[in-house]
Amino acid sequence: MKVDIVQHRNAKAICPTLYCGRQASFRRDWQSNMKLGNPHSIGRCKCGKTHSRAEAILAYEDDLLFQHRLPGHVKTIKYIAKRCIEQGYEHIQLSCFCAPKACHCRIIRREVLREYQRLTELNLT
C-alpha cells in the first residue's frame, strides 16, 4: 500500500484523500468525523510549552504512542487501515496544510502502514 502526504490545497482526487488538519468540518464524506489534527501548535501551545516544528511533531508522537492521550486518533488510524483493506485501496493520500514541510502526518502515515501490515498478516494466517 502507498500513502502519500500532500499539501491540502493541491490535493488531487487520484485516490482517496484524508484531511489530517485541525478542522475537518468542511468534509462531507466517510471521513467527516475524523479529527486527526495535531493538538500541539508550533509556537505557544495549549499545553503550556513553546514548540518548534520538530518539537510539535515529537509531542504528537509522544501523546499518540506513549502517553495514550489521543485514543480517538488511534481508533481513527485503525479504522483507516481497515477501510483500506475492505475497499481494496492500494493508494491513499493524507492532506495537511503543513505539507511539504515536516508534520504529524508522517506519524499518521507510519501508523496507518503499520496497522495495515498487521491486519493483512492476520488475514493471511
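Which side chain does the side chain of S95 join in a polar contact? The side chain of H8, at 2.9 Å. The legends below take up this pair and other sites.

This is a predicted model, in which local features need pLDDT of at least 70, side-chain atom pairs count only at pLDDT 80 or more, and totals for chains, interfaces and linings use all residues. Residues are numbered from 1 along each chain as its sequence is written, and side-chain values use heavy atoms, with hydrogens and water left out.

**View 1. The chain as a whole.** The chain holds 3 helices and 5 strands. Helices (H or I, at least four residues) and strands (E, at least two) are DSSP runs, numbered from the N terminus. Their order from the N terminus is β-β-β-β-α-α-β-α. The chain has 125 residues, and 42% of them count as buried. Buried means under 20% relative accessible area, exposed over 50%, and partly exposed in between (1.4 Å probe, protein chains only). Of the contacts with a separation of 6 or more, 63% come from residues 24 or more positions apart. Contact means heavy atoms within 4.5 Å.

**View 2. S95 in strand β5.** S95 sits in β5, residues 91–96. S95 counts as buried because its relative accessibility is 1%. Its side chain makes the 2.9 Å polar contact with the side chain of H8. A polar contact is a pair of N or O atoms within 3.5 Å; within protein, one must be able to donate a hydrogen and the other to accept it, and residues adjacent in sequence count only if both atoms are side-chain atoms. Beyond its neighbours within four places in sequence, S95 is in contact with V6, H8, A11, T17, L18, Y19, C20 and G21.

**View 3. Q7 in strand β1.** Q7 belongs to β1, residues 2–7. Its relative accessibility is 14%, so Q7 is buried. The Q7 side chain reaches the backbone nitrogen of R9 at 2.7 Å. Neighbours within four places aside, Q7 is in contact with C96, F97, A99 and P100.

**View 4. The cis peptide bond at P100.** The bond from A99 to P100 is cis, with omega near 10°. P100 is in the loop between β5 and α3 (105–124).

View 5. The 14 residues of α1 should span 20 Å at 1.5 Å a residue, and the end C-alpha atoms are 19 Å apart, which agrees. The expected span is 1.5 Å times one less than the number of residues. Buried residues in α1 are A56, I57, A59, Y60, E61, D63 and L64. H68 follows α1, in the loop between α1 and α2 (71–87). Although not a glycine, H68 has a positive phi of about 55°. H68 is exposed because its relative accessible area is 58%.

**View 6. The largest pocket.** About 230 Å³ of space lies in this pocket. Its lining has 18 residues, with R22, N38, C96, C98 and H104 nearest the centre. Helix α1 (residues 53–66) gives the largest share of the lining, 3 residues. The lining divides into 10 nonpolar, 6 polar and 2 charged residues. On a 1 Å grid over the protein atoms alone, a pocket is an open set of points where a 1.4 Å probe fits, with protein on both sides within 12 Å along at least five of seven lines; lining residues have an atom within 4 Å of a point.

Conventions:
Points joined across faces, edges and corners; volume = space filled by probe spheres on them. Nonpolar A, V, L, I, M, F, W, Y, C, P; charged D, E, K, R; others polar.
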